[in-house]
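Please look over the structure below and read the briefing that follows, which moves from the whole chain to single residues.

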Number of protein chains: 2
Amino acid sequence: MIHPTISSSRVEGTSVYNLAGEKLGSIDDLIIDKRNGHVRYAALEFGGFLGLGTDRFPLPWSMLTYDVEKDGYVVNLDMEQLKAGPRYAADDRPAHSDEYGRGVYDHYGVPVPWGV
Amino acid sequence: MIHPTISSSRVEGTSVYNLAGEKLGSIDDLIIDKRNGHVRYAALEFGGFLGLGTDRFPLPWSMLTYDVEKDGYVVNLDMEQLKAGPRYAADDRPAHSDEYGRGVYDHYGVPVPWGV
C-alpha cells in the first residue's frame, strides 16, 4: 500500500458504491471513539428523493474498501440491507453511545472492536 | 464519560490550548490509518502571523484532552516545543507514511501505537 493513511477531510464527501457498482451515496462524517481515536463508523449520506432530506446511515469502518479506479469506497451490501439498517436524520444526531454502536455493528454482522 | 464518541466534523475547527490556557490554534484535519481506522494524529493549524499562511502541526491523538469548560482540547506542550516539531504547509501535504508518523510520535515522546 503506497499511502497507509488518509485524512478525515479527504474521506468526507467520498462516494460509496455497492459491489454492483451502484452509487449508494457519500461519506458525510466519521464517528470516533474519544478514548483511543479509533473510527467506529462512517456516516453514509443517502436518500434525498422527491425533495425529502437525506438520512445518515452509519457503516462500520471495516466494511469500507477504497477502490482507486472508482475514487470511492466499495461496500458489500445491497440497497435493501442498507435501507433496513440504522439511520438518523442529519439534524437529529443520536448519542452515538457504546450501545448505539453495538446496534450498528450487529446489524451488519461485524464484531464490535471496542471493549463492552 | 457521557459521550464516548465524537464526530470528525466536530473535531475539525475545535480550538487547542496549552496548559497555561494560551490558545495554540485549532484542529484542521485528522490523519487516519486506512487499514484499521485509527486516528494517528490531528493536524493543528497554527501561525499565520504578519500575513504569512498558517502551517499544520501534527499531534498524536493521545496528546489531546478535551476540556468541557474551554470547549477545546488541552495539550501538555509549550510554544517552543510545538515550533520545533514537525510541520507542513497547508498546500504541501507530506505523504503521511509510517515513517513520517514515527517522526511525529518520536518528537513528542509518544510510543508509536501501530505496527512498525
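For a chain of 116 residues, a compact globule would have a radius of gyration near 13 Å, and the 14 Å of chain A agrees with that; the radius is taken over C-alpha atoms, and the globule rule is 2.2 Å times the number of residues to the power 0.38. This is a predicted model, in which local features need pLDDT of at least 70 and side-chain atom pairs count only at pLDDT 80 or more, while totals for chains, interfaces and linings use all residues. Residues are numbered from 1 along each chain as its sequence is written, chains are lettered from A and ligands numbered from 1 in the order in which they are written, and side-chain values use heavy atoms, with hydrogens and water left out.

**Chain A as a whole**

- Along its principal axes, the C-alpha trace of chain A spans about 40 × 35 × 25 Å.
- Chain A holds 3 helices and 8 strands, which follow the pattern β-α-β-β-β-β-β-β-α-β-α along the sequence; helices (H or I, at least four residues) and strands (E, at least two) are DSSP runs, numbered from the N terminus.
- Of the 116 residues in chain A, 45% are buried, where buried means under 20% relative accessible area, exposed over 50% and partly exposed in between, with a 1.4 Å probe and protein chains only.
- Among the contacts in chain A with a separation of 6 or more, 43% join residues 24 or more positions apart, a contact being heavy atoms within 4.5 Å.
- The mean positions of the 11 positive and 17 negative charges of chain A lie 3 Å apart; Lys and Arg count as positive and Asp and Glu as negative, while His and the chain ends are not counted, and the place of a charge is NZ of Lys, CZ of Arg, CG of Asp or CD of Glu.

**How the two chains are related**

- B:Ser7, in strand 1 (residues 5-7) of chain B, is buried with a relative accessible area of 7%, and, leaving aside its neighbours within four places in sequence, it is in contact with A:Asp29, A:Leu30, A:Ile31 and A:Arg93.

**Loop residues in chain B**

- B:Asp71, in the loop between strand 6 (65-67) and strand 7 (72-75), has a positive phi of about 50° although it is not a glycine, and B:Asp71 is partly exposed, with a relative accessible area of 41%.
- B:His96 also has a positive phi of about 50° without being a glycine; it sits in the loop between strand 8 (88-89) and helix 3 (98-107) and is buried, with a relative accessible area of 6%.
- B:Arg87, in the loop between helix 2 (79-83) and strand 8, is partly exposed at 42% relative accessible area.
- Not counting residues up to four places away in sequence, B:Arg87 touches B:Asp55, B:Arg56, B:Phe57, B:Pro58 and B:Tyr100.
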